Amino acid sequence: MEGELVCEACGARYSLDASLWRCECEGLLDIEFESRFDLERIGARPRTMWRYREAIPIGDDPQIVSFGEGFTPLTRIDIDGKQVWFKQDHLFPSGSYKDRGASVLVSKLKELGISRVVEDSSGNAGASIAAYCAKAGIGCHILVPEGTSAGKLTQVRLYGAELTEVPGSREDTARATLQEAAATYYASHVWNPFFFHGTKTFAFEVCEQLGWRPPDTVLVPVGNGTLLLGAYLGFTELLRAGVIERVPRLVAVQAENCAPLYRAFTESLEEIPSIETSETLADGIAIAEPVRGRQIVRAVLDSGGSFLTVSETEMLESLAMMCAKGFYIEPTSAAAVAGVRRYLGHVDDQETIVSVLTGHGLKATEKMAKVMPQMLE
Ligand SMILES: Cc1ncc(COP(=O)(O)O)c(C=O)c1O
Ligand SMILES: [Zn+2]
(Lines give C-alpha, C1' and ligand atoms only; values in the text may rest on other atoms or scores of the structure.)
(Ligands and ions follow the chains in the order given, each with its own letter.)
Protein backbone atom coordinates (compact mmCIF):
# COMPACT_ATOMS: atom_id res chain seq x y z
CA MET A 1 0.00 0.00 0.00
CA GLU A 2 1.53 3.31 -1.09
CA GLY A 3 1.27 6.19 1.32
CA GLU A 4 2.80 7.50 4.53
CA LEU A 5 1.94 8.69 8.01
CA VAL A 6 2.95 12.35 8.37
CA CYS A 7 3.26 14.30 11.61
CA GLU A 8 1.42 17.61 11.67
CA ALA A 9 3.81 19.09 14.26
CA CYS A 10 7.34 18.10 13.16
CA GLY A 11 6.82 16.76 9.64
CA ALA A 12 8.26 13.30 10.46
CA ARG A 13 7.22 10.56 8.06
CA TYR A 14 6.54 6.92 8.83
CA SER A 15 5.50 3.87 6.85
CA LEU A 16 1.77 3.09 6.85
CA ASP A 17 2.79 -0.17 8.52
CA ALA A 18 4.26 1.52 11.58
CA SER A 19 2.27 0.64 14.74
CA LEU A 20 1.84 4.27 15.72
CA TRP A 21 -1.21 6.25 16.74
CA ARG A 22 0.76 9.49 17.20
CA CYS A 23 4.21 10.79 16.30
CA GLU A 24 7.22 10.14 18.49
CA CYS A 25 7.15 13.92 19.19
CA GLU A 26 3.52 13.40 20.42
CA GLY A 27 2.15 15.33 17.42
CA LEU A 28 -0.95 14.34 15.44
CA LEU A 29 -0.47 11.98 12.53
CA ASP A 30 -2.31 12.20 9.22
CA ILE A 31 -2.12 9.93 6.19
CA GLU A 32 -0.70 10.98 2.84
CA PHE A 33 -2.23 8.70 0.26
CA GLU A 34 -3.63 9.15 -3.23
CA SER A 35 -7.24 8.06 -3.45
CA ARG A 36 -8.50 6.80 -6.77
CA PHE A 37 -12.09 6.68 -7.99
CA ASP A 38 -13.25 4.65 -10.97
CA LEU A 39 -16.92 5.63 -11.00
CA GLU A 40 -18.00 2.78 -13.25
CA ARG A 41 -16.33 0.13 -11.10
CA ILE A 42 -17.67 1.75 -7.95
CA GLY A 43 -21.21 1.75 -9.34
CA ALA A 44 -21.05 -1.98 -10.11
CA ARG A 45 -20.04 -3.00 -6.59
CA PRO A 46 -22.18 -3.90 -3.55
CA ARG A 47 -23.74 -0.94 -1.78
CA THR A 48 -21.36 -0.66 1.18
CA MET A 49 -18.75 1.93 2.16
CA TRP A 50 -16.08 -0.49 0.86
CA ARG A 51 -17.19 0.11 -2.75
CA TYR A 52 -14.67 3.02 -2.66
CA ARG A 53 -11.94 0.42 -2.21
CA GLU A 54 -9.15 2.27 -4.03
CA ALA A 55 -9.72 5.28 -1.76
CA ILE A 56 -9.26 3.39 1.52
CA PRO A 57 -5.64 2.86 2.66
CA ILE A 58 -5.90 -0.79 3.67
CA GLY A 59 -3.71 -3.41 1.98
CA ASP A 60 -5.27 -6.75 1.12
CA ASP A 61 -8.98 -7.51 1.05
CA PRO A 62 -8.77 -10.47 3.49
CA GLN A 63 -7.77 -7.98 6.23
CA ILE A 64 -11.04 -6.06 5.88
CA VAL A 65 -13.27 -6.23 8.94
CA SER A 66 -16.78 -5.43 7.75
CA PHE A 67 -20.43 -6.14 8.47
CA GLY A 68 -21.38 -4.90 4.99
CA GLU A 69 -21.93 -1.42 6.44
CA GLY A 70 -22.47 1.94 4.75
CA PHE A 71 -24.32 3.37 1.77
CA THR A 72 -26.98 4.44 4.26
CA PRO A 73 -30.14 6.04 2.83
CA LEU A 74 -29.97 9.73 1.92
CA THR A 75 -33.52 10.80 2.61
CA ARG A 76 -35.35 14.06 1.94
CA ILE A 77 -37.17 15.36 5.01
CA ASP A 78 -39.45 18.37 5.30
CA ILE A 79 -38.01 20.65 7.97
CA ASP A 80 -40.13 23.73 8.68
CA GLY A 81 -41.46 23.69 5.13
CA LYS A 82 -38.08 23.23 3.41
CA GLN A 83 -36.58 20.07 1.92
CA VAL A 84 -33.34 18.90 3.52
CA TRP A 85 -31.39 15.71 2.78
CA PHE A 86 -30.45 13.60 5.80
CA LYS A 87 -28.00 10.74 5.69
CA GLN A 88 -29.43 8.03 7.93
CA ASP A 89 -26.19 7.05 9.63
CA HIS A 90 -28.06 5.92 12.74
CA LEU A 91 -28.76 2.75 10.75
CA PHE A 92 -25.23 1.35 11.04
CA PRO A 93 -24.59 -2.10 12.63
CA SER A 94 -23.65 -0.71 16.04
CA GLY A 95 -26.16 2.13 15.75
CA SER A 96 -23.96 5.09 14.88
CA TYR A 97 -21.85 6.54 12.06
CA LYS A 98 -18.72 5.64 14.07
CA ASP A 99 -18.82 2.27 12.31
CA ARG A 100 -17.41 3.98 9.23
CA GLY A 101 -14.23 4.76 11.14
CA ALA A 102 -14.16 1.56 13.16
CA SER A 103 -14.38 -0.67 10.09
CA VAL A 104 -11.25 0.93 8.59
CA LEU A 105 -9.34 1.31 11.86
CA VAL A 106 -9.96 -2.28 13.00
CA SER A 107 -9.06 -3.54 9.51
CA LYS A 108 -5.73 -1.77 10.00
CA LEU A 109 -5.31 -3.34 13.45
CA LYS A 110 -5.84 -6.75 11.89
CA GLU A 111 -3.32 -5.94 9.15
CA LEU A 112 -0.78 -4.90 11.80
CA GLY A 113 -1.41 -8.08 13.82
CA ILE A 114 -2.42 -6.15 16.95
CA SER A 115 -4.16 -8.38 19.50
CA ARG A 116 -5.34 -5.92 22.17
CA VAL A 117 -6.33 -2.23 22.19
CA VAL A 118 -7.59 0.49 24.46
CA GLU A 119 -10.11 3.19 23.48
CA ASP A 120 -12.10 5.91 25.24
CA SER A 121 -15.34 7.50 24.17
CA SER A 122 -18.57 9.13 25.23
CA GLY A 123 -20.14 5.79 24.32
CA ASN A 124 -20.73 5.36 20.59
CA ALA A 125 -17.14 5.14 19.35
CA GLY A 126 -16.41 2.68 22.16
CA ALA A 127 -19.39 0.52 21.21
CA SER A 128 -18.35 0.63 17.59
CA ILE A 129 -14.69 -0.28 18.20
CA ALA A 130 -15.90 -3.08 20.54
CA ALA A 131 -18.20 -4.48 17.83
CA TYR A 132 -15.50 -4.56 15.16
CA CYS A 133 -12.89 -5.93 17.59
CA ALA A 134 -15.36 -8.71 18.44
CA LYS A 135 -15.59 -9.58 14.76
CA ALA A 136 -11.81 -9.45 14.31
CA GLY A 137 -11.04 -11.41 17.50
CA ILE A 138 -9.10 -8.48 18.99
CA GLY A 139 -9.27 -7.85 22.74
CA CYS A 140 -10.35 -4.39 23.80
CA HIS A 141 -10.71 -2.21 26.86
CA ILE A 142 -13.18 0.67 26.58
CA LEU A 143 -13.14 3.59 29.01
CA VAL A 144 -16.20 5.86 29.27
CA PRO A 145 -17.21 8.69 31.59
CA GLU A 146 -19.43 7.77 34.52
CA GLY A 147 -23.06 8.44 33.61
CA THR A 148 -22.87 7.10 30.04
CA SER A 149 -26.24 5.72 28.77
CA ALA A 150 -27.02 2.26 30.10
CA GLY A 151 -27.74 1.09 26.55
CA LYS A 152 -24.25 1.96 25.36
CA LEU A 153 -22.60 0.34 28.41
CA THR A 154 -24.52 -2.89 27.90
CA GLN A 155 -23.67 -2.87 24.24
CA VAL A 156 -19.91 -2.56 24.94
CA ARG A 157 -20.05 -5.34 27.55
CA LEU A 158 -22.08 -7.73 25.42
CA TYR A 159 -19.63 -7.32 22.54
CA GLY A 160 -17.14 -8.85 24.98
CA ALA A 161 -15.05 -5.78 25.73
CA GLU A 162 -13.67 -4.90 29.12
CA LEU A 163 -15.40 -1.72 30.33
CA THR A 164 -14.32 0.92 32.82
CA GLU A 165 -16.47 3.85 33.91
CA VAL A 166 -14.17 6.72 34.87
CA PRO A 167 -15.41 9.26 37.46
CA GLY A 168 -15.33 12.92 36.40
CA SER A 169 -15.46 14.57 33.00
CA ARG A 170 -14.95 13.25 29.46
CA GLU A 171 -11.46 14.79 29.66
CA ASP A 172 -10.69 12.74 32.81
CA THR A 173 -11.57 9.61 30.83
CA ALA A 174 -9.25 10.70 28.01
CA ARG A 175 -6.39 11.27 30.46
CA ALA A 176 -6.85 7.84 32.08
CA THR A 177 -6.81 6.24 28.63
CA LEU A 178 -3.65 8.05 27.57
CA GLN A 179 -1.88 6.52 30.56
CA GLU A 180 -2.94 3.04 29.57
CA ALA A 181 -1.98 3.79 25.96
CA ALA A 182 1.67 3.86 27.03
CA ALA A 183 1.50 0.05 27.17
CA THR A 184 -1.45 -0.93 24.93
CA TYR A 185 -2.14 0.19 21.35
CA TYR A 186 -4.54 3.13 21.37
CA ALA A 187 -7.37 2.52 18.89
CA SER A 188 -8.43 6.13 19.29
CA HIS A 189 -11.12 7.53 17.02
CA VAL A 190 -9.62 10.96 17.67
CA TRP A 191 -5.86 10.40 17.43
CA ASN A 192 -5.71 7.52 14.99
CA PRO A 193 -5.74 8.79 11.38
CA PHE A 194 -7.15 5.56 9.95
CA PHE A 195 -10.49 6.32 11.62
CA PHE A 196 -10.88 9.43 9.45
CA HIS A 197 -10.24 7.41 6.30
CA GLY A 198 -13.42 5.56 7.24
CA THR A 199 -15.57 8.54 8.18
CA LYS A 200 -14.61 10.19 4.87
CA THR A 201 -16.82 7.65 3.05
CA PHE A 202 -19.75 9.79 4.26
CA ALA A 203 -18.70 12.40 1.67
CA PHE A 204 -18.24 9.82 -1.09
CA GLU A 205 -21.72 8.39 -0.49
CA VAL A 206 -23.41 11.80 -0.33
CA CYS A 207 -21.87 12.82 -3.67
CA GLU A 208 -22.65 9.51 -5.34
CA GLN A 209 -26.24 9.53 -4.07
CA LEU A 210 -26.70 13.05 -5.49
CA GLY A 211 -25.47 11.84 -8.92
CA TRP A 212 -21.78 12.60 -8.24
CA ARG A 213 -22.58 16.22 -7.48
CA PRO A 214 -21.63 17.89 -4.21
CA PRO A 215 -24.36 19.57 -2.17
CA ASP A 216 -24.03 23.31 -1.42
CA THR A 217 -23.93 22.90 2.35
CA VAL A 218 -23.29 20.06 4.79
CA LEU A 219 -24.24 20.45 8.46
CA VAL A 220 -22.77 18.04 11.01
CA PRO A 221 -22.66 17.87 14.81
CA VAL A 222 -19.13 18.43 16.11
CA GLY A 223 -17.33 17.48 19.31
CA ASN A 224 -14.02 15.87 18.37
CA GLY A 225 -14.83 16.37 14.70
CA THR A 226 -14.45 12.79 13.52
CA LEU A 227 -17.33 13.19 11.09
CA LEU A 228 -16.54 16.78 10.11
CA LEU A 229 -12.86 16.09 9.43
CA GLY A 230 -13.77 12.88 7.64
CA ALA A 231 -16.28 14.73 5.46
CA TYR A 232 -13.71 17.43 4.67
CA LEU A 233 -11.12 14.81 3.78
CA GLY A 234 -13.60 12.95 1.58
CA PHE A 235 -14.79 16.01 -0.32
CA THR A 236 -11.23 17.30 -0.84
CA GLU A 237 -10.13 13.89 -2.14
CA LEU A 238 -13.01 13.90 -4.63
CA LEU A 239 -12.02 17.43 -5.67
CA ARG A 240 -8.37 16.47 -6.11
CA ALA A 241 -9.36 13.45 -8.20
CA GLY A 242 -11.52 15.68 -10.44
CA VAL A 243 -14.77 13.91 -9.51
CA ILE A 244 -16.36 17.09 -8.11
CA GLU A 245 -15.61 20.74 -8.82
CA ARG A 246 -15.94 22.26 -5.36
CA VAL A 247 -16.07 21.35 -1.68
CA PRO A 248 -19.41 22.10 0.02
CA ARG A 249 -19.63 24.64 2.81
CA LEU A 250 -19.20 22.73 6.05
CA VAL A 251 -21.32 24.02 8.91
CA ALA A 252 -20.32 22.68 12.33
CA VAL A 253 -23.00 22.47 15.01
CA GLN A 254 -22.03 22.58 18.70
CA ALA A 255 -24.12 22.58 21.87
CA GLU A 256 -24.35 26.04 23.39
CA ASN A 257 -23.34 24.46 26.73
CA CYS A 258 -20.04 23.13 25.34
CA ALA A 259 -18.81 25.12 22.37
CA PRO A 260 -15.02 25.68 22.41
CA LEU A 261 -14.69 25.51 18.62
CA TYR A 262 -17.55 27.92 18.03
CA ARG A 263 -15.72 30.39 20.27
CA ALA A 264 -12.39 29.88 18.54
CA PHE A 265 -14.11 30.45 15.19
CA THR A 266 -16.21 33.49 16.08
CA GLU A 267 -13.39 35.20 18.00
CA SER A 268 -10.71 34.22 15.42
CA LEU A 269 -8.53 32.63 18.11
CA GLU A 270 -5.33 30.79 17.14
CA GLU A 271 -5.70 28.31 20.01
CA ILE A 272 -8.82 26.54 21.24
CA PRO A 273 -9.85 28.39 24.43
CA SER A 274 -10.51 26.79 27.81
CA ILE A 275 -14.21 27.13 28.38
CA GLU A 276 -16.81 26.80 31.08
CA THR A 277 -19.20 23.97 30.27
CA SER A 278 -22.52 22.81 31.61
CA GLU A 279 -24.35 19.57 31.12
CA THR A 280 -25.96 19.01 27.75
CA LEU A 281 -28.42 16.60 26.21
CA ALA A 282 -25.89 16.21 23.41
CA ASP A 283 -23.44 14.12 25.43
CA GLY A 284 -21.81 12.79 22.23
CA ILE A 285 -20.47 16.24 21.34
CA ALA A 286 -19.71 17.50 24.87
CA ILE A 287 -15.97 17.80 24.20
CA ALA A 288 -14.30 20.71 25.98
CA GLU A 289 -10.74 20.00 24.75
CA PRO A 290 -10.91 18.59 21.21
CA VAL A 291 -7.49 17.16 20.27
CA ARG A 292 -7.90 18.07 16.58
CA GLY A 293 -9.60 21.39 17.36
CA ARG A 294 -7.35 23.56 15.19
CA GLN A 295 -7.69 21.18 12.25
CA ILE A 296 -11.48 21.37 12.59
CA VAL A 297 -11.57 25.18 12.56
CA ARG A 298 -9.19 25.24 9.58
CA ALA A 299 -11.35 22.76 7.64
CA VAL A 300 -14.51 24.80 8.23
CA LEU A 301 -12.75 28.03 7.20
CA ASP A 302 -11.26 26.43 4.10
CA SER A 303 -14.69 25.19 2.99
CA GLY A 304 -16.18 28.67 3.37
CA GLY A 305 -18.46 27.35 6.11
CA SER A 306 -19.20 28.40 9.66
CA PHE A 307 -20.03 27.30 13.20
CA LEU A 308 -23.31 27.63 15.01
CA THR A 309 -24.58 26.62 18.43
CA VAL A 310 -27.93 25.26 19.54
CA SER A 311 -29.63 25.49 22.93
CA GLU A 312 -30.96 22.64 25.05
CA THR A 313 -34.54 23.71 24.28
CA GLU A 314 -33.90 23.72 20.53
CA MET A 315 -32.40 20.23 20.72
CA LEU A 316 -35.30 18.90 22.74
CA GLU A 317 -37.83 20.36 20.29
CA SER A 318 -35.92 18.93 17.33
CA LEU A 319 -35.68 15.53 18.96
CA ALA A 320 -39.43 15.45 19.57
CA MET A 321 -40.09 16.66 16.02
CA MET A 322 -37.91 13.96 14.44
CA CYS A 323 -39.40 11.18 16.55
CA ALA A 324 -42.88 12.38 15.56
CA LYS A 325 -41.80 12.07 11.92
CA GLY A 326 -40.73 8.46 12.53
CA PHE A 327 -36.98 8.96 12.93
CA TYR A 328 -35.85 7.44 16.22
CA ILE A 329 -32.55 9.20 16.88
CA GLU A 330 -30.54 9.80 20.02
CA PRO A 331 -30.41 13.25 21.67
CA THR A 332 -26.93 14.13 20.32
CA SER A 333 -28.24 13.66 16.78
CA ALA A 334 -30.96 16.21 17.46
CA ALA A 335 -28.23 18.86 17.71
CA ALA A 336 -27.69 18.58 13.95
CA VAL A 337 -31.42 18.87 13.27
CA ALA A 338 -31.65 21.93 15.52
CA GLY A 339 -28.64 23.33 13.65
CA VAL A 340 -30.42 22.79 10.32
CA ARG A 341 -33.49 24.67 11.62
CA ARG A 342 -31.34 27.63 12.64
CA TYR A 343 -29.46 27.58 9.36
CA LEU A 344 -32.67 27.49 7.30
CA GLY A 345 -33.67 30.80 8.82
CA HIS A 346 -31.20 32.66 6.62
CA VAL A 347 -30.65 30.83 3.33
CA ASP A 348 -32.31 30.83 -0.06
CA ASP A 349 -34.64 28.03 -1.14
CA GLN A 350 -32.37 26.82 -3.92
CA GLU A 351 -29.57 25.55 -1.70
CA THR A 352 -28.99 21.80 -1.56
CA ILE A 353 -28.48 21.05 2.12
CA VAL A 354 -27.31 17.75 3.55
CA SER A 355 -27.19 16.82 7.21
CA VAL A 356 -26.95 13.56 9.09
CA LEU A 357 -28.67 11.45 11.74
CA THR A 358 -25.64 10.18 13.65
CA GLY A 359 -26.92 7.80 16.33
CA HIS A 360 -29.88 5.49 16.95
CA GLY A 361 -32.46 6.37 19.59
CA LEU A 362 -32.59 2.83 20.93
CA LYS A 363 -29.21 3.46 22.56
CA ALA A 364 -30.68 6.18 24.75
CA THR A 365 -34.32 5.29 25.24
CA GLU A 366 -34.23 5.74 29.04
CA LYS A 367 -32.67 9.18 28.74
CA MET A 368 -35.22 10.16 26.12
CA ALA A 369 -38.12 9.04 28.32
CA LYS A 370 -36.67 11.14 31.12
CA VAL A 371 -36.26 14.34 29.11
CA MET A 372 -39.55 14.15 27.19
CA PRO A 373 -42.09 12.92 29.77
CA GLN A 374 -44.87 15.13 28.36
CA MET A 375 -44.67 13.26 25.02
CA LEU A 376 -45.42 10.00 26.81
CA GLU A 377 -48.54 11.10 28.70
C1 LIG B 1 -24.47 10.34 18.12
C2 LIG B 1 -23.23 11.15 17.90
N3 LIG B 1 -23.29 12.19 17.05
C4 LIG B 1 -22.22 12.96 16.82
C5 LIG B 1 -21.00 12.73 17.44
C6 LIG B 1 -19.90 13.68 17.16
O7 LIG B 1 -18.70 13.17 16.82
P8 LIG B 1 -17.35 13.93 17.07
O9 LIG B 1 -17.16 14.06 18.56
O10 LIG B 1 -16.33 13.08 16.49
O11 LIG B 1 -17.43 15.28 16.42
C12 LIG B 1 -20.89 11.67 18.33
C13 LIG B 1 -19.63 11.37 19.02
O14 LIG B 1 -19.55 10.60 19.94
C15 LIG B 1 -22.03 10.86 18.57
O16 LIG B 1 -21.98 9.83 19.43
ZN1 LIG C 1 6.22 14.75 15.13
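## Reading the fold by its cut-offs

Trainee: What share of the contacts in the chain between residues at least 6 apart in sequence joins residues at least 24 apart?

Mentor: That share is 69%. A contact here means heavy atoms within 4.5 Å.

Trainee: What sort of model is this, and how are its residues and chains labelled?

Mentor: It's a predicted model, where local features need pLDDT of at least 70, side-chain atom pairs count only at pLDDT 80 or more, and totals for chains, interfaces and linings use all residues. Residues are numbered from 1 along each chain as its sequence is written, chains are lettered from A and ligands numbered from 1 in the order in which they are written, and side-chain values use heavy atoms, with hydrogens and water left out.

Trainee: How many helices and strands does the chain have?

Mentor: There are 13 helices and 13 strands.

Trainee: How much of the chain is buried?

Mentor: Buried residues make up 59% of the 377. Buried means under 20% relative accessible area, exposed means over 50%, and partly exposed is in between (1.4 Å probe, protein chains only).

Trainee: And which charged side chains were counted in the chain?

Mentor: The chain has 36 positive and 51 negative ones, and the centres of the two sets lie 4 Å apart. Lys and Arg count as positive, Asp and Glu as negative, while His and the chain ends are not counted. Each charge is placed at NZ of Lys, CZ of Arg, CG of Asp or CD of Glu.

Trainee: How do you know that the span of helix α11 agrees with its number of residues?

Mentor: Helix α11 covers residues 312–324, which is 13 residues, and at 1.5 Å a residue it should span 18 Å; its end C-alpha atoms are 18 Å apart, so the two agree. The expected span is 1.5 Å times one less than the number of residues.

Trainee: What do the buried residues of α11 pack against?

Mentor: They pack against several elements, including β4 (74–79), β11 (249–255), β12 (306–310) and α12 (331–344). Among the buried residues themselves are Met315, Leu319 and Met321. Just after α11, Gly326 takes a positive phi of about 100 degrees.

Trainee: Why is Met321 called buried?

Mentor: Its relative accessible area is 16%, which is why Met321 counts as buried. Leaving out residues up to four places away in sequence, Met321 touches Ile79, Asp80, Val337 and Arg341.

Trainee: Why is Cys323 called partly exposed, then?

Mentor: Cys323 is also in helix α11, but its relative accessibility is 23%, so it counts as partly exposed. Setting aside neighbours within four places in sequence, Cys323 contacts Tyr328 and Met368.

Trainee: Where is Phe71, and what is its phi?

Mentor: Phe71 is in the loop between α1 (39–44) and β4, and it has a positive phi of about 50 degrees although it is not a glycine. At 13% relative accessibility, Phe71 counts as buried.

Trainee: Why is Glu205 called buried?

Mentor: Its relative accessibility is 0%, so Glu205 counts as buried. Glu205 lies in helix α7 (residues 201–209). Beyond residues up to four places away in sequence, the residues Glu205 touches include Met49, Phe71, Lys87 and Arg100. Glu205 and Met49 are 156 residues apart in sequence, yet 7.6 Å apart C-alpha to C-alpha.

Trainee: And why is Ala136 called partly exposed?

Mentor: Ala136 has 22% relative accessibility, so it counts as partly exposed. Ala136 belongs to helix α3 (residues 124–136). Apart from neighbours within four places in sequence, Ala136 is in contact with Val65 and Val106.

Conventions
Helices (H or I, at least four residues) and strands (E, at least two) are DSSP runs, numbered from the N terminus.
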